[in-house]
Amino acid sequence: MLMALAGQPNAGKSTVFNMLTGARQHVANYPGVTVEKKVGHFKLNGHSVELVDLPGTYSLTSYSMEERVARDVLLNGSPAVVINVADASNLKRHLHLTFQLMEMGVPLVIALNMMDVAEERNQRIDHELLARKLGVAVAPLVGRKNTGKTGLLAAMIQAAGESLNAPLRLDYGPLEQSIFVLEKALGDIPDLNLPHRWLALKLLEADENVKDKISEFGDPGKEILALAQELSASFQKATEETADRWIEKRRYETAEAIAKECVHAPDEGGPTFSDKVDRIICHRILGYPILFGVLYLMYYLSIELGYELTNYTWPALAWVRETAASALPAEGFVSDPMLRSLILWLVDSINALLNYIPIFLILFVYIAFLEDLGYMPRMAFLLDAFFRRYGLHGQSTLPLVLGGVYVGGCAVPGVMACRAVPDERARLATILVVPMMNCLAKVPLYILLIGVYFAAYKGQAMFFIATITILMALTTAKLLNLSVLRDKETAPFIMEMPPYHSPTVSGVLRRGVERVWIYVKKITTVVAAVSVILFVLMQFPGLSSEQKANMDARAQKAQTAFMRAAQKTPLGEAVNSPEKIDQLFDFESRYKSARMGVTDQSKADGIDADFQEENANFFAILKPGKDKQAKTVSRAFKKLRRARLTLRLEAKNEIINRSILGGLGKWLEPVTQYAGFTWRVNVALLSALAAKENTVATLGALYQPVDSGDEDSPKQDSALESRMARQEAGFTPLHALALMLFMALYPPCMAATMVVKVQAGSWKWMLFSLVYMTALGSVVAFLIFSGGSLLGLTGLEAMAWFYAAAVAAVIVTGLIRPKHAET
Amino acid sequence: MTRWIRRWRGGRGPQERMEAPSAEGLRAASRLSNLDVGQEAEVFGIDAGRKARCRLASLGLIPGSRLRVVANCRYGPMLLSLGETRLMVERGVAAKVLVRQ
Ligand SMILES: Nc1nc2c(ncn2[C@@H]2O[C@H](COP(=O)(O)OP(=O)(O)OP(=O)(O)O)[C@@H](O)[C@H]2O)c(=O)[nH]1
Ligand SMILES: [Mg+2]
């Protein structure tokens, strides 16, 4: 059995849907949250019911997508019951839709939601009288608190049974005659299983969809269309009012009359609490500092505080890695077992993203709070004028903020938030530019490059990269609007402003956690799959047998040297075979991780005692103390360690060099050199396709430290900054600038790309977003590098010129006024 | 230069008056976009396109309805109060709504 939830936006349909089916549909205090029909199931009186949550519609014309979706389900799905969710505190306007549903002849039940809000406003609603007036069952409800559910279920069961409904028939006065004539004419067409009165009204309103449908019936259909046109023309002549306006007016008059009788309210009209608040929040001057404060607080809480929190959560992730590492087959001398490398690679990739959980949790909770409060539509109100100039929309604000307008966002929630933008053209433009924002994962690369090549101008360079992206996004959005998006549907910005609701702690927390959970599920699966592919691409085919033999020989030589040195001491027995040496390295790494972060002296002593007990000889080599002979072995071990490290890094480097991805990077070099990218940079950028976090990690693997051996940090003797500077001697700030801008305009990562596909609704747009961003990024990088070199600009000069050009582009494109489709 | 500035602002500043009223009784008429915060008025005509008109109508803004301006973003949208409904309307559309006080 099919049932549908219909009603005006923000009436609480999804709340009722969740209440009935136990689902977790997105609910928020702004109109237009649900944009596609959503299906759920539940049991009603022993029957299983399929319940459809429809997008909210103010009316049932065919002008907007939501209205068409809703109308299609209502007419063609032939639901057994339609539950019309109406806002009791704004009954008059919600009845407007109710009348249209009644005219469509669907079996109706009215869920009179938000009774608590009505009560708060001192409105007393006589729902029994309302039911009698409308001829339809009415169930009062407070969806958010689950009260009134039994009444609603009872009404639904009744409506699903034999229909006792005798719904009110609206009287259209002087138009009734025309309606009657059309109804009769429609009666002559066979197989027309739509309510005739509704069709007649739609024909008089000149509804395009219905006209198309009728004209399918050949000549009789055409005759009816001609008749309808004639009738509405003569109506207009007689009354000086067009038929569609008259219909609208009659509906309002009837709604007003019914509302007057059923709602007893103290005289309304004065400014409400929300109005008084909006005088300030939506003030044309004061509104902006407040908006800035709200956004700043969001950054502060999620990025700053969230990062702080990751210090506490990271040990848990590190522990997972440690546990995995100790459970896996131990390290080899030169290369590790495949299983070990693969699993650790996987864990590292997933950990990199899981590390952001505290940030996302705070972000999502904060957003859920703003959503329930009702600040989102206010934000749209304040920014609409500015964004419209660039073909975006007031409601593009949230996606851009989430994507990282300043620094540190994520394109995935950003693109997901685009669904709230009602204007199709602006929605696509927003989806296409959000990935340009500076997501959290791009930031490490910026920091790295600025640290090396713009060290003297860190502040300016950071400001440049933080603000250049929004400038480019505005220009791009406008250009997309003027080109590929030119023919897309636009919608005038006419939006309901919902009153403020006070958010509940549990509701906000629950939604925040839910969204984090969705993020974790989606991202870990995508990242897990992609990182395995990346692993294969960067590891195969591996070393050639010659290289392998050569390295093994060198390893053996180093091992023999060490064993010979140890042989002369009593400790020699403990390390007289390569296997024992591997054990020693394993012992050392376990000891290091056990001691990591332990500052308490007695605890440290305890750990020392444990390890000493496990293997006194190994411990003596690691901590020789004053023992002369142990010191000799320890020194030899240090040498061995250095040799091993060099070999391992060389092997890693060689493997990447010979790998498929490395080959691709080299193959691209002849082209990318004009943008200043070497093959190593290419490899890093290719790996970033999976997740941007990979860029710096891959560079770290590519620019291997050449000499090492420092006691305290044997693994990373010098920072990546200095390694890169040393190994890419020809690299200049101009190279770095080209790379940074390319990174900013780089195609969205895998996860974001999938979201783009989902939100834009087609593979075509997904591909387009990949292609245009790559093209744009390449052109910019090429201009900066080749153009800059040609003109002999320094990196800083190129930066200044590029910034000036971007500002100019924003001003110029802002002045272009597109020919608006008539609103 | 001033022309450029006006263009930048969208060219539909509050200074713009509507063309001569068609009927004699409409002297007090003006465009909705000219109202200030707190002012009340009655709608008597909407000469916007069909799509915008339908949307306004389904939200309750039709000839005969009374409204009050809650906030006015000067070059951006307006926030209106119509009975229990609060409505944001972009300036371009507001300029096509004729009201009298
Ligand atoms: N005070 C109060 N708030 C409610 C009630 N029911 C729902 N809400 C809130 O009203 C807002 C809108 O609810 P939704 O369920 O998202 O409304 P919707 O009809 O699905 O909206 P769209 O999908 O945009 O058409 C949310 O903030 C809900 O928490 C109620 O009975 N009382
Ligand atoms: Mg919904």
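In this predicted model, the N-terminal end of helix 19 of chain A is capped by A:Asp423, one of whose side-chain oxygens lies 2.9 Å from the backbone nitrogen of A:Arg425. A polar contact is a pair of N or O atoms within 3.5 Å; within protein, one must be able to donate a hydrogen and the other to accept it, and residues adjacent in sequence count only if both atoms are side-chain atoms. Helices (H or I, at least four residues) and strands (E, at least two) are DSSP runs numbered from the N terminus. Helix 19 spans residues 424-433 and is mostly covered, with nine of its ten residues buried; buried means under 20% relative accessible area, exposed over 50% and partly exposed in between, for a 1.4 Å probe and protein chains only. The buried residues include A:Arg425, A:Arg427, A:Leu428 and A:Ile431. Among the elements that cover them are helix 2 (65-76), helix 17 (397-403), helix 21 and helix 34 (763-791) of chain A, where contact means heavy atoms within 4.5 Å.

A:Asp423 is also among the contacts of A:His393, together with A:Asp384, A:Arg388, A:Ala426 and A:Phe493, when neighbours within four places in sequence are left aside. A:His393 is located in the loop between helix 16 (375-388) and helix 17 of chain A. A:His393 counts as buried because its relative accessibility is 1%.

The largest nonpolar core contains 117 residues, and A:Phe381, A:Phe454, A:Phe677, A:Leu737, A:Met740 and A:Leu741 have the most contacts inside it. Such a core is a set of buried Ala, Val, Leu, Ile, Met, Phe, Trp, Tyr and Cys residues joined through side-chain atoms within 4.5 Å. Helix 21 (residues 458-482) of chain A supplies the largest share of this core, eleven residues. Beyond its neighbours within four places in sequence, A:Met740 is in contact with A:Tyr446, A:Leu449, A:Ile450, A:Phe454, A:Ile465 and A:Met799. A second, separate core of 63 residues includes A:Met104, A:Val142, A:Leu175 and A:Ile214.

A:Ile214 also takes part in the contact between helix 9 and helix 10 of chain A, where A:Lys211, A:Ile214 and A:Ser215 meet A:Gly218, A:Gly221, A:Ile224 and A:Leu225. Helix 9 (residues 208-215) and helix 10 (residues 218-239) of chain A pack at an angle of about 145°, with their axes 7 Å apart. Axes are lines fitted to C-alpha atoms, for helices over the stretch in contact, and angles run from 0 to 180 degrees between N-to-C directions.

In helix 5 (residues 127-134) of chain A, the buried residues are A:Leu129, A:Leu130, A:Ala131 and A:Leu134. Their cover includes helix 3 (91-103), strand 5 (108-113), strand 7 (137-140) and helix 11 (243-262) of chain A.

A:Asn45, a residue other than glycine, has a positive phi near 55° and lies in the loop between strand 2 (38-44) and strand 3 (47-53) of chain A. A cis peptide bond joins A:Phe540 and A:Pro541, with omega about 5°.

Residues are numbered from 1 along each chain as its sequence is written, and chains are lettered from A and ligands numbered from 1 in the order in which they are written. Local features need pLDDT of at least 70 and side-chain atom pairs count only at pLDDT 80 or more, whereas totals for chains, interfaces and linings use all residues; side-chain values use heavy atoms, with hydrogens and water left out.
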